[in-house]
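Welcome to my notebook. I open the structure here and jot down what I look up, one entry at a time.

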Amino acid sequence: MALCAASHPLLQNTRNALRRCFKQNRAFYSNISGPQEEEIRQKLRIFPGGSVDLQKQESGIAVMTVNNPARMNAFSGSMMLELEERVNELETWTEGKGLIVQGAAGTFCSGSDLNAVRAISNPQDGMKMCMFMQKTLTRLLRLPLISVALVEGKALGGGAELTTACDFRLMTSDAVIQFVHKHMGLVPGWGGAARLVRIVGSQNALKLLGGAKKVDPHLGRQIGLVDEVLSSPLGEGSSLVEAEQWLSQFTKGSAPVIRAVKQVVVSGRELSLEEALRTEKDIFGTVWGGPANLEALAQKTKHK
Ligand SMILES: CCCC(=O)SCCNC(=O)CCNC(=O)[C@H](O)C(C)(C)COP(=O)(O)OP(=O)(O)OC[C@H]1O[C@@H](n2cnc3c(N)ncnc32)[C@H](O)[C@@H]1OP(=O)(O)O
C-alpha cells in the first residue's frame, strides 16, 4: 500500500537531515537568540505602521503583500515582526507549493522605514535589526515553496534585498530594482549582497552595489537577476494573475513532489557536496513509491 508522502517515515529523516545541515547557520544566528532577540523585538515594536499580509490559496500558491503604501511599502519595525510571523505560518503550511511576494498599490518596497533607521542609528541596534532580518529572509528563501518576487514600481534598498530572498524575480515593464545602499552610506545587511553574488556573480554584484545602479527589466534579464518581464498592462492589477500563471508552470502537480524539488535545490545550493548528496538521498526516499510516483508508473507515463 502506498504511504501518504506527508506521513512517510523518511520525511522525518529529511527534516532531521536538513535541520542537522542548517545547524551551522543556527549557530551563526545564535548571538541574537534568547534575550537579545527579545530586546530587538521590543525595539522594533516601537515603530508601528503598515502590515505584511498573507493569503493562502487552494491552488497551493500563497500571496504575501508588503503593505505600507503611504511610505512606498517601507518596512516599519512592526512589519519586520509580522514578516517573521508570516514565515512561521508558511513553514507549517504543508499543502503549500508556491509563494508570490508583492508590494501593495503597484510598487514593491522602498526598504527600511527611514524614520526607524534614524531612531536606531547606533551600530549595535543596527546590527541586531540586520541579523533579525537576515534570519527571517534566510528562512523565507529556504521555505519548501517555489517563490517569486513580483516587482512592480520600485524595489529599493532592503526592498531590493527582499527580491533576492525569492527563487525568481518577475518585473513589470516600468519596474526598477536598485540597491541604493551606497547612496545611503550603507551596504546591504539583510543578506542581500551574499544572495546577489550567488544570483548574478561577483562582477555584476560589484557593479550593482558599487554603482547603486538602477536595474530595469532589460538589464535585469541581461545579468540574470530577472527571470521574466511581464506583459500585462500597467496599473490594472493583472500582473498578479500573470505572475500566478508564470509560477504555475512549476507548481502544477503533487505538493510533496514540488516541495521535494525545492528542498533538493536548497540543499544543493547551501550544503557541502557530501551533505547535499546525503540530503538528496533522504529527500528522494520521501517521494519514491509515493502516490505521485505510483500513479505515474500505473499510467505508464511517456515523456514525448
Ligand atoms: C538594510 C536596509 C537599508 C535600507 O533599506 S535604507 C532605505 C532605502 N530606501 C530609501 O532610501 C528610499 C527613499 N525614498 C525615495 O527614494 C522615494 O521616496 C521613492 C521611494 C523613490 C518614491 O519617490 P516618490 O514617488 O517621489 O514619492 P515620495 O518620495 O513622495 O514618497 C511617498 C512617501 O513615502 C515616504 N517614503 C518613501 N520611502 C520611504 C522609506 N524608505 N522610509 C520612510 N518613508 C518613505 C516618503 O517620505 C513620502 O512620505 P510623505 O508623503 O513625505 O509623508
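**Entry 1: helix H11**

I started with the buried residues of H11, and I found Ala255, Ile258, Arg259, Ala260, Lys262, Gln263, Val266 and Ser267. I keep in mind that this is a predicted model. Next I checked the length of H11, which covers residues 255–270. Its 16 residues, at 1.5 Å a residue, should span 22 Å, and the end C-alpha atoms are 22 Å apart, so the two agree.

**Entry 2: lysine 128**

I then turned to helix H6 (residues 123–142), where lysine 128 lies. Is lysine 128 buried or exposed? I looked up its relative accessible area, which is 14%. Buried means under 20%, so lysine 128 counts as buried. Leaving aside neighbours within four places in sequence, I see lysine 128 in contact with Gln36, Glu39 and Ile40.

**Entry 3: valine 117 and a surface patch**

My next stop was valine 117, in helix H5 (residues 114–119). Valine 117 has a relative accessible area of 31% and is partly exposed. I also found Val117 in a nonpolar patch on the surface, together with Leu114, Met184 and Leu186. Together these residues have about 340 Å² of accessible area.

**Entry 4: a sheet**

Last, I followed an open sheet of three strands, in the order S5-S7-S8, with mixed pairing. Strand S5 (154–156) and strand S8 (214–215) are its edge strands, each pairing on one side only. How do S7 and S8 run, and how many bridges join them? I noted that they run antiparallel and that two bridges join S7 (residues 176–178) to S8. For glutamine 178, I found the bridge partner in S8 to be lysine 214.

Definitions and conventions
Residues are numbered from 1 along each chain as its sequence is written. This is a predicted model: local features need pLDDT of at least 70, side-chain atom pairs count only at pLDDT 80 or more; totals for chains, interfaces and linings use all residues. Side-chain values use heavy atoms; hydrogens and water are left out. Helices (H or I, at least four residues) and strands (E, at least two) are DSSP runs, numbered from the N terminus. The expected span of a helix is 1.5 Å times one less than its number of residues. Buried means under 20% relative accessible area, exposed over 50%, partly exposed in between (1.4 Å probe, protein chains only). Patches are made of residues with over 30% relative accessible area and no salt bridge: like charges are joined within 9 Å, nonpolar side chains (Val, Leu, Ile, Met, Phe, Trp, Tyr) within 5 Å. Accessible areas come from the Shrake-Rupley method with a 1.4 Å probe; for residues, only the protein chains shown count as cover. A salt bridge is a side-chain nitrogen of Lys or Arg within 4 Å of a carboxyl oxygen of Asp or Glu. Contact means heavy atoms within 4.5 Å. Two strands pair if DSSP finds at least two bridges between them.
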